[in-house]
Amino acid sequence: MIKKNKLFFISLIIASMINLIHINIFNTDLTPDFILLTLIFWFFKNPNTVSISTFWLVGLITDIFIGDLLGQHALTYASCYFIAQYFINKIMLNNKHQKLLYIFLIFLSAQIIMLIINLTHDLHYPGLSYYLQSITAVFIWHALSKFRFFKLDR
């Protein structure tokens with residue numbers, strides 16, 4: 001259990017550092033939320049490792065370090081936990097492409113929640129290219145799922 005927690009914390013630190021890198025192609029930010037990607041991965045890999053309080057706490061810490069509206073990421077991550085919890089049996093029983101569709105829906109819902117929060121606080125609408133980050137997250141998930149450690153089969 002301690003070894004798994006070490007891997008969990010190390011992966012979260014690495015994801016936080018990777019989150020600072022922005023992938024811009026044609027002046028569009030394609031960087032997915034690597035922290036959410038890591039949390040979702042650990043939730044599917046070992047649901048006993050992470051809980052909703054972990055999602056919420058990591059979201060609060062992310063808000064503090066990024067300097068965003070306090071609670072924005074916490075609410076988004078906790079909502080994604082509920083969505084992942086709802087779909088976990090369907091995701092584990094379906095084939096690889098259907099799993100990717102569920103992963104896309106989780107990340108798309110996270111982006112929609114973030115967009116709603118930002119729009120209620122008078123920030124501008126980023127345009128349709130904003131949703132490309134969910135597609136990038138699915139591509140990264142697909143690329144990593146080729147490695148044995150990232151397989152989610154139980």
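Which residues does Ser 11 touch, not counting residues up to four places away in sequence? Let's select our way to them.

**Before you click**

This is a predicted model, in which local features need pLDDT of at least 70 and side-chain atom pairs count only at pLDDT 80 or more, while totals for chains, interfaces and linings use all residues. Residues are numbered from 1 along each chain as its sequence is written, and side-chain values use heavy atoms, with hydrogens and water left out.

**Stop 1: the whole protein**

Helices (H or I, at least four residues) and strands (E, at least two) are DSSP runs, numbered from the N terminus. The C-alpha trace spans about 45 × 30 × 30 Å along its principal axes. Now colour by burial: 45% of the 154 residues are buried. Here buried means under 20% relative accessible area, exposed means over 50%, and partly exposed lies in between (1.4 Å probe, protein chains only).

**Stop 2: helix H1**

Select residues 2–19, which make up helix H1, and pick out Ser 11 within H1. Ser 11 has a relative accessible area of 19%, so it counts as buried. Show its surroundings and you will meet the answer to the opening question: Ser 11 touches Thr 38 and Trp 42, leaving out residues up to four places away in sequence. Contact means heavy atoms within 4.5 Å.

Stay on H1 and select Ile 14. Ile 14 is partly exposed because its relative accessibility is 43%.

**Stop 3**

Next, select Phe 104 in helix H5 (residues 96–120). Phe 104 is partly exposed because its relative accessibility is 23%. Beyond its neighbours within four places in sequence, Phe 104 is in contact with Ser 134, Ile 135 and Val 138. Finish on H6 (residues 132–144), where the buried residues include Ser 134, Val 138 and Trp 141. Draw a distance between the C-alpha atoms of Phe 104 and Trp 141: they are separated by 9.6 Å.

Methods
Expected span 1.5 Å × (residues − 1).
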